[in-house]
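Subject: Structure handover

Hello,

Here is the structure for your files. Please open it alongside this note.

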Amino acid sequence: MLRIRLSRRGKRGKPSYRIVVIPSTASRDGRNVDDLGYYNPIPNPSELKVDSDRARKWITNGAQPSDRVWKLLEIAEPGFKEKLSQKNGSSAAPEKQAAEPKEKAASKPRSTTKARAVTKSKAGTASKSSAKPAKAKATAKAKASTKKTAPKARSKS
């Protein structure tokens with residue numbers, strides 16, 4: 001999967017960033033696929049240059065922008081997300097699609113560990129509380145069988 005993210009450049013204490021398309025498994029400053037622009041936060045106002053047409057092309061092809069890059073694209077071209085979702089038709093921005101399953105998962109009640117233990121005991125398996133003494137006996141038995149006994153003394157004849 002490709003990501004659109006910032007790659008750090010510049011000196012220590014004076015960062016500047018390039019906006020790049022890069023594989024998600026690559027390091028922050030690793031080899032990039034495409035260079036979309038730059039961002040320099042040091043001057044006031046900060047400098048920003050982004051090729052929004054190429055960024056739009058990469059996003060429609062499946063590249064996932066980082067949160068900071070989304071904000072920079074919105075600064076460079078206000079309404080970038082809305083225009084992107086309108087051009088794609090039914091497929092909205094990737095961030096909106098990913099947010100829906102999280103909301104559904106959060107609405108489901110989570111079961112507690114006690115409820116899980118009760119369910120296991122009803123199913124016929126031992127619950128966690130009764131498994132502890134059995135486990136202690138098994139470990140004690142294993143230790144006893146692995147103890148080395150001293151060899152018998154040989155008598156001199």
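Below are the notes on rings, charges and the core.

This is a predicted model: local features need pLDDT of at least 70, side-chain atom pairs count only at pLDDT 80 or more, and totals for chains, interfaces and linings use all residues. Numbering runs from 1 along each chain as its sequence is written, and side-chain values use heavy atoms, without hydrogens or water.

Rings first. The whole structure holds two aromatic pairs (Phe, Tyr or six-membered Trp rings with centres within 6.5 Å; stacked under 30 degrees between planes, edge-to-face over 60, tilted for the rest). Tyr-17 and Tyr-39 are stacked, at 6.3 Å centre to centre and 20° between the planes. Tyr-17 is in strand β2 (residues 14-23) and Tyr-39 in strand β3 (residues 34-40), so this pair ties together parts 22 residues apart in sequence. Strands are DSSP E runs of at least two residues, and helices are H or I runs of at least four, numbered from the N terminus.

Next, charges over rings (Lys NZ or Arg CZ within 6 Å of the ring centre and within 35 degrees of the ring normal). Lys-57 lies over the face of Trp-58, 5.1 Å from the ring centre.

Now the core (buried Ala, Val, Leu, Ile, Met, Phe, Trp, Tyr and Cys joined through side-chain atoms within 4.5 Å; buried is under 20% relative accessible area, exposed over 50%, partly exposed in between, with a 1.4 Å probe and protein chains only). The largest nonpolar core has 17 residues; Ile-4, Ile-19, Leu-36, Ile-59, Leu-73 and Phe-80 touch the most other members. Its largest share, four residues, comes from α2.

Best wishes
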